[in-house]
Amino acid sequence: MPNRRDVFKNTLALTSLAAISGAATAAPAAKPIVVSTWDFGVAANQAAWDVLKGGGYALDAVEAGARIPEVDLKNHSVGRAGYPDRDGHVSLDASIMDEKWRCGAVAALEHIEHPISVARLVMEKTPHVLLVGAGALQFAVEQGFKPEELLTPDSEAAWKDWLKTAKYQPVANSEMSTYGHAPGSVVPGDVHNHDTLGILALDAQGRLSGACTTSGMAWKLRGRVGDSPIIGAGLYVDGEIGAATSTGVGEEVIRNAGSFLVVELMRQGRSPQQACEEAVMRIVKRRPEAAKTLQVGFLALNTKGDVGAFAIQKGFVYAQCDGTKTDRVVPARSVFG
Ligand code: SD4
């Protein structure tokens with residue numbers, strides 16, 4: 001018969017095994033919250049909130065949210081109405097990640113209007129994390145998505161206009177572009193000129209998830225992939241710590257493993273705000289000249305529901321919805337401006 005000490009030892013062993021496997025550890029209850037990059041994140045948040053307020057899963061919430069701008073015909077930086085690459089192809093990048101380190105992504109996906117849902121199926125139905133180009137399209141079609149022409153008349157007209165003066169060079173930073181605006185009228189990341197949807201949610205069971213979806217840089221080189229579908233760059237979630245996402249010039253975010261860095265800084269004790277500031281400053285310190293004209297913004301959420309955001313240039317805003325205040329748009333602080 002085991003004595004008391006043996007029973008205590010065995011209980012301890014079982015408890016640590018459960019902690020390691022995660023099998024018996026229930027996430028603590030939390031106050032749900034969803035945050036999204038840019039003001040068009042308000043509509044995304046509403047769709048996500050419909051899931052969260054009924055006690056739904058954060059993963060379902062971020063997918064529902066990301067699908068909103070993907071079909072918004074006025075949004076030329078996400079989904080089907082996104083501006084094409086320099087050869088006129090609309091090519092989409094998206095990623096999704098949950099609190100259990102499960103993740104999926106698609107890059108350079110053409111002809112499918114909901115890349116975020118394809119990314120989720122990569123996560124759930126394949127042993128892989130990232131599918132690209134023709135293979136991603138083949139997978140999407142096999143999963144029942146309908147291929148279609150995504151280039152809208154508006155986007156096509158904008159592309160043809162760009163071709164007239166572009167000398168066929170890709171635009172280095174679409175957020176700084178003056179396309180369609182009076183010279184000097186564009187503020188980086190302003191209402192006419194912003195990009196990726198990154199959306200992060202915490203549900204009532206304390207589960208975190210994130211999603212990121214974009215048509216990438218306008219007029220990019222064919223085959224160019226940005227940060228948004230790269231886990232650790234455009235999106236990262238650690239269910240025990242927090243989640244982060246980014247918008248802006250993807251090349252700079254990839255170079256610095258930006259969203260992973262934000263989450264790791266939170267692990268080391270930084271608040272989401274401090275972590276976003278440090279990650280932005282890494283980019284600025286490493287490439288001070290380039291940083292004067294490019295935009296990168298990070299948005300972060302931790303397991304307590306604290307939010308942080310920071311950008312290089314003025315103009316980055318995020319949308320927040322937590323059921324207590326009305327969904328609101330919050331300007332992020334920035335290095336310049
Ligand atoms: C990308 N981060 O493809 C995305 C899109 C964006 O300014 O936000 N561009 O680099």
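**Entry 1: the ligand**

I began at the ligand and found one of its nitrogen atoms 2.7 Å from a polar backbone atom of glycine 248. I count such a pair as a polar contact when the N or O atoms lie within 3.5 Å; within protein, one must be able to donate a hydrogen and the other to accept it, and residues adjacent in sequence count only if both atoms are side-chain atoms. A backbone N or O atom of glycine 250 lies 2.8 Å from an oxygen atom of the ligand. For arginine 224, I noted a polar side-chain atom 2.6 Å from a ligand oxygen atom. Taken alone, the ligand exposes 280 Å², and the protein buries 100% of that. Accessible areas come from the Shrake-Rupley method with a 1.4 Å probe; for residues, only the protein chains shown count as cover.

I recorded that this is a predicted model, in which local features need pLDDT of at least 70 and side-chain atom pairs count only at pLDDT 80 or more, while totals for chains, interfaces and linings use all residues. Residues are numbered from 1 along each chain as its sequence is written, and side-chain values use heavy atoms, with hydrogens and water left out.

I then listed the surroundings: 14 residues surround the ligand, the closest being Thr196, Arg224, Asp227, Gly248 and Gly250. A residue is near if one of its heavy atoms lies within 4 Å. This shell divides into 1 nonpolar, 9 polar and 4 charged residues; Ala, Val, Leu, Ile, Met, Phe, Trp, Tyr, Cys and Pro count as nonpolar, Asp, Glu, Lys and Arg as charged, and the others, Gly among them, as polar.

**Entry 2: the chain**

I looked up the secondary structure of the protein chain, which comes to 10 helices and 13 strands. Helices (H or I, at least four residues) and strands (E, at least two) are DSSP runs, numbered from the N terminus. Buried residues make up 55% of the 337 residues; buried means under 20% relative accessible area, exposed over 50%, and partly exposed in between (1.4 Å probe, protein chains only).

Serine 36 is in strand β1 (residues 33–37) and counts as buried because its relative accessibility is 0%. Its side chain makes a polar contact with the side chain of asparagine 45 at 2.6 Å. Not counting residues up to four places away in sequence, serine 36 touches several residues, including Leu197, Tyr318 and Leu299; contact means heavy atoms within 4.5 Å.

I followed leucine 299 to strand β9; this residue is buried, with a relative accessible area of 0%. Leucine 299 and cysteine 276 are 23 residues apart in sequence and 6.8 Å apart in space, C-alpha to C-alpha.

**Entry 3: helix α9**

Cysteine 276 is one of the buried residues of α9. I checked the length of this helix (residues 272–286): at 1.5 Å a residue, its 15 residues should span 21 Å, and its end C-alpha atoms are 22 Å apart, which agrees. The expected span is 1.5 Å times one less than the number of residues. The cover over its buried residues includes α7 (250–255), α8 (258–267) and β9 (296–302).

**Entry 4: glutamate 70**

Glutamate 70 lies in helix α3 (residues 58–70) and counts as buried at 0% relative accessibility. I found its C-alpha atom 8.5 Å from that of glycine 82, 12 residues apart along the chain.
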